[in-house]
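My notes follow in the order I took them.

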Amino acid sequence: MPETPLILDGGLATELEKRGFHIQEDALWSAKILYTNPKAIKEVHYGFLECGSDVITTATYQASIEGFLKHLGLKPEEAEQLLMSGVQLAKDTATDFMSNCTTPDRKAPLVAGSLGPYGAFLHDGSEYTGAYANHLSVEELKDWHRPQVRCLVAAGADIIAMETIPSLKEAEALVELLREFPDTKAWLAFSCKDSQCISDGNKFSEAVQLASKSTQLVAVGVNCSPPALVKPLLESAKSQKIDNTSWVVYPNSGETWDPTTGWQAGPRASFTELSVEWKDQGALWIGGCCRIGPDDIKELKRQLT
């Protein structure tokens, strides 16, 4: 576990959209660009590294073997290779960055293999409700996630980012599934609906207690949620977090998303200022999610290190 905060990256999809890629309505979201323009993904990774990210996250959040078969018409082995390529792109970018880096004592970046929830595959916004878990068993959720985890591990991700998880049942499935890969470390980050609860309505403290049963999780926390919720959420579950697990925190900008009209304009929350509070609460993996760009990460790095 790091002794000082590791700086994560920000919204990869946000940066792709700034470059003119229209992915918001695509069932594969940013994972589609693995297939159509992998160079663009490397450019985004590199931009975050230049601004201070210690960890870059693969473009596999909405990637799945089933999704690639359905939406790209690939064969199973091609789908596996495409998913694994997300890890290799990030690793290659990290290598390129270090070969050009002139910063003294800069440590080699870590690559986090992004594993999104089943709801991301459904592409219906249910990663923010977890409603699908009412109709699926823990074993069914394990079966669905297993091919993705296997690919991320085989491709050599340094850590698995189990992220935007909305339901306690899916978290249970992932914790159990992780045991099938005993040499793999991961973090588990939840999407949350308010200052006490994850998206399916269960208490965040219950989710942290569940995560604390795993010896493979290096961190548990919150992502893809408003930054103002982070402090009370961590406070609500501090007694459930065990000592050898830290907090991982990477919220959105604070702007709100409407499924019909998109991101709503308005004042951004003071993301980088709040990050100091998260550090004081013990967060050792800190970054951003949707609408957080390289400049935000640069300021985050300045605030925290």
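Helices (H or I, at least four residues) and strands (E, at least two) are DSSP runs, numbered from the N terminus.

This is a predicted model, where local features need pLDDT of at least 70, side-chain atom pairs count only at pLDDT 80 or more, and totals for chains, interfaces and linings use all residues. Residues are numbered from 1 along each chain as its sequence is written, and side-chain values use heavy atoms, with hydrogens and water left out.

**Helix α8**

I began with α8, residues 168-178. This helix is mostly covered, with eight of its 11 residues buried. I listed the buried ones: Leu 168, Glu 170, Ala 171, Ala 173, Leu 174, Val 175, Leu 177 and Leu 178.

Two of these turned up again when I checked Ser 214. Ser 214 sits in the loop between α9 (204-211) and β6 (217-223). Contact here means heavy atoms within 4.5 Å. Setting aside neighbours within four places in sequence, Ser 214 is in contact with Val 175 and Leu 178. Is Ser 214 buried or exposed? Ser 214 counts as buried, at 9% relative accessibility. I also looked for polar contacts, which are pairs of N or O atoms within 3.5 Å; within protein, one must be able to donate a hydrogen and the other to accept it, and residues adjacent in sequence count only if both atoms are side-chain atoms. The Ser 214 side chain reaches the backbone nitrogen of Gln 216 at 3.1 Å.

**Cores**

Next I looked up nonpolar cores. A core is a set of buried Ala, Val, Leu, Ile, Met, Phe, Trp, Tyr and Cys residues joined through side-chain atoms within 4.5 Å. In soluble globular proteins, nonpolar side chains tend to be buried together.

The largest core has 77 residues. Those with the most contacts inside this core are Leu 16, Phe 68, Met 162, Leu 188, Phe 190, Phe 204 and Trp 247. Helix α5 (residues 76-100) gives the largest share of this core, seven residues. A second, separate core has 17 residues, including Ile 159, Val 248, Tyr 250 and Trp 285.

I then went through the contacts of Phe 204. Leaving out residues up to four places away in sequence, Phe 204 touches several residues, among them Phe 190, Cys 192, Ile 198, Val 222, Leu 233 and Trp 247.

Leu 89 lies in helix α5. Leu 89 is buried, at 11% relative accessible area. Beyond four places in sequence, Leu 89 touches Leu 34, Pro 38, Ile 41, Lys 42 and His 45. I took one distance: Leu 89 and Ala 59 are 30 residues apart in sequence and 9.1 Å apart in space, C-alpha to C-alpha.

Leu 72 belongs to helix α4 (residues 65-72). Leu 72 is also buried, with a relative accessible area of 16%. Again beyond four places in sequence, Leu 72 touches Leu 28, Lys 32, Tyr 35, Gly 67 and Leu 82.

**Cavity**

On a 1 Å grid over the protein atoms alone, a cavity is a set of points where a 1.4 Å probe fits but cannot get out; a pocket is an open set with protein on both sides within 12 Å along at least five of seven lines, and lining residues have an atom within 4 Å of a point. Grid points are joined across faces, edges and corners, and a volume is the space filled by probe spheres set on the points.

How many cavities of 30 Å³ or more are there? I found one. The largest cavity holds about 40 Å³ of space. Its lining includes Tyr 61, Gln 62, Leu 115, Phe 121, Trp 144 and His 145. Helix α7 gives the largest share of this lining, three residues.

**Positive phi**

Trp 29 has a positive phi of about 50° although it is not a glycine. Trp 29 is in the loop between α1 (12-18) and α2 (32-36). Cys 224 likewise has a positive phi of about 50° and is not a glycine. Cys 224 counts as buried, at 7% relative accessibility.

Key. Buried means under 20% relative accessible area, exposed over 50%, partly exposed in between (1.4 Å probe, protein chains only).
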